[in-house]
Amino acid sequence: MTAQSLSGLRVIDASRVLAGPYCGQALGDHGADVIKIEPPAGDETRTFGPPVNAGGAAYFQALNRNKRGIVLDMGQPQGREAFWQLLETADVLIENFKASTWRAWGIATPEAICDRFRRLVHCRITGFGDDGPLGGMPGYDAAIQAASGLMSINGEPDGPALRLGIPVVDLATGMQATIAVLAALQERARSGRGQLCDVSLHDCALGIAHPHASNYLWTKKAPQRSGNGHPNIAPYDAFETASIPIYIAVGNERQFGTLCEVLGCPDMARDPRFGTNLDRIANREALREALLGHLRAHDGRQVVATLIKAGVPAAPVLDVPEAIQTPHARHRHMVIEHPGYQGVGFPVKLSRTPAALRGLPPLKGQHNHEVLAEAGFSAADIAHLEASGALGPVPDS
């Protein structure tokens with residue numbers, strides 16, 4: 001195939017679990033040569049199952065396509081020396097090591113990596129960053145959802161705070177890390193210098209707490225849980241119909257008027273309680289009950305089809321199997337099926353240099369010899385690394 005947008009870029013992905021691997025995969029999808037470094041025990045997501053097959057859990061495989069995999073025991077000096085040598089020709093390093101781990105390896109601060117490798121873009125992903133009152137503290141997605149306020153606004157008004165059903169903080173952090181890497185590479189094209197990209201789950205969680213964080217900063221009133229409703233827009237909610245639950249997302253007055261026409265209640269658009277979005281927010285419960293009274297007489301699928309054609313965002317409430325198998329998802333190639341691999345497709349479509357599946361998620365240590373040879377290690381060097389255990393446990397003879 002023709003060169004992709006990031007062809008020629010060399011990425012060392014020494015991260016584990018979700019945010020860092022998600023970033024590495026995004027770069028690999030668009031052509032970067034991504035080398036995934038795992039400890040001898042492997043990335044723990046290989047065991048995050050079921051489902052699990054010979055290549056590891058579906059969880060792992062969903063985050064590690066388009067990478068080559070090697071094992072390095074960086075607790076050993078020989079493993080660390082191999083790591084430093086790999087960085088000599090790398091453009092990007094993605095990692096989520098503890099700061100104490102770096103210090104044990106003789107690196108005083110994460111910034112020192114860029115002093116040693118002056119063109120390297122060093123993307124460091126942490127729970128809370130390395131400084132501040134919580135600097136260096138561990139952070140996983142759900143704990144950061146709790147600490148950032150995201151859980152507090154998720155759930156029914158009279159129910160408990162709930163974790164969002166996807167690891168939204170990890171995913172958002174992986175996206176922000178990808179943006180950070182690309183921004184730093186763009187700047188390097190001007191300056192010739194790499195830099196540290198400091199990306200923390202905590203910061204990224206607060207960054208996506210929209211509009212709740214900004215609402216609070218303006219009003220100093222704590223946001224409340226609103227179930228499926230929206231704190232700033234109405235009607236923007238899930239509704240029962242005569243057949244299936246649907247979601248209606250009205251964003252302006254024209255859309256509200258169209259909704260009322262479709263439901264056969266045009267006078268509702270002229271009701272002073274519902275005339276503007278601010279009116280509808282002030283009379284949210286009355287609006288909801290009025291809409292439900294009409295929607296319960298309609299087939300939800302037909303209402304959705306009519307609303308969408310009329311320019312009003314609406315959708316049936318689908319489960320994951322239904323959503324991933326819709327004709328539109330298939331048309332947009334949002335499912336990849338390849339011998340030995342099934343995964344979600346590429347969300348970004350570039351017209352000339354599209355993303356592509358170039359390699360399946362690697363087996364642990366699958367590309368040890370290949371990658372090390374490219375980095376300048378001789379066959380004897382690699383054999384020595386194997387014998388020392390720097391490439392993982394030495395097999396019994």
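In this predicted model, helix 12 gives the most to the lining of the largest cavity, with 4 residues. Helices (H or I, at least four residues) and strands (E, at least two) are DSSP runs numbered from the N terminus. Residues are numbered from 1 along each chain as its sequence is written. Because the model is predicted, local features need pLDDT of at least 70 and side-chain atom pairs count only at pLDDT 80 or more, while totals for chains, interfaces and linings use all residues, and side-chain values use heavy atoms, with hydrogens and water left out.

**Cavity**

- A search of the whole structure finds 1 cavity of 30 Å³ or more, where a cavity is a set of points, on a 1 Å grid over the protein atoms alone, at which a 1.4 Å probe fits but cannot get out.
- The largest cavity holds about 80 Å³ of space, a volume being the space filled by probe spheres set on the points, which are joined across faces, edges and corners.
- Its lining, meaning residues with an atom within 4 Å of a point, includes G229, H230, I233, P235, R284 and L291.
- Strand 9 (236–239) and helix 12 (284–295) are the elements that give two or more residues to the lining of the largest cavity.

**Pocket**

- The largest pocket has a volume of about 1,200 Å³, a pocket being an open set with protein on both sides within 12 Å along at least five of seven lines.
- Of the 43 residues that line the largest pocket, Y22, Q25, A62, R65 and V344 lie nearest its centre.
- Helix 7 gives the most to the lining of the largest pocket, with 6 residues, and the elements that each supply at least two residues include helix 1 (19–29) and strand 13 (341–344).

**V250**

- V250, found in the loop between strand 10 (246–249) and helix 10 (253–262), is buried, with a relative accessible area of 0%, where buried means under 20% relative accessible area with a 1.4 Å probe, protein chains only.
- Leaving aside residues up to four places away in sequence, V250 touches I233, P235, Y236, Q255, F256, L259 and V312, contact meaning heavy atoms within 4.5 Å.
- The C-alpha atoms of V250 and F117 are separated by 52 Å, and the two residues are 133 residues apart along the chain.

**Whole chain**

- The protein chain has 17 helices and 13 strands, and its C-alpha atoms fill a box of roughly 85 × 50 × 45 Å along the principal axes.
- Buried residues make up 43% of the 397 residues in the protein chain.

Conventions: Buried < 20%, exposed > 50% of the residue type's maximum accessible area, 1.4 Å probe, protein only.
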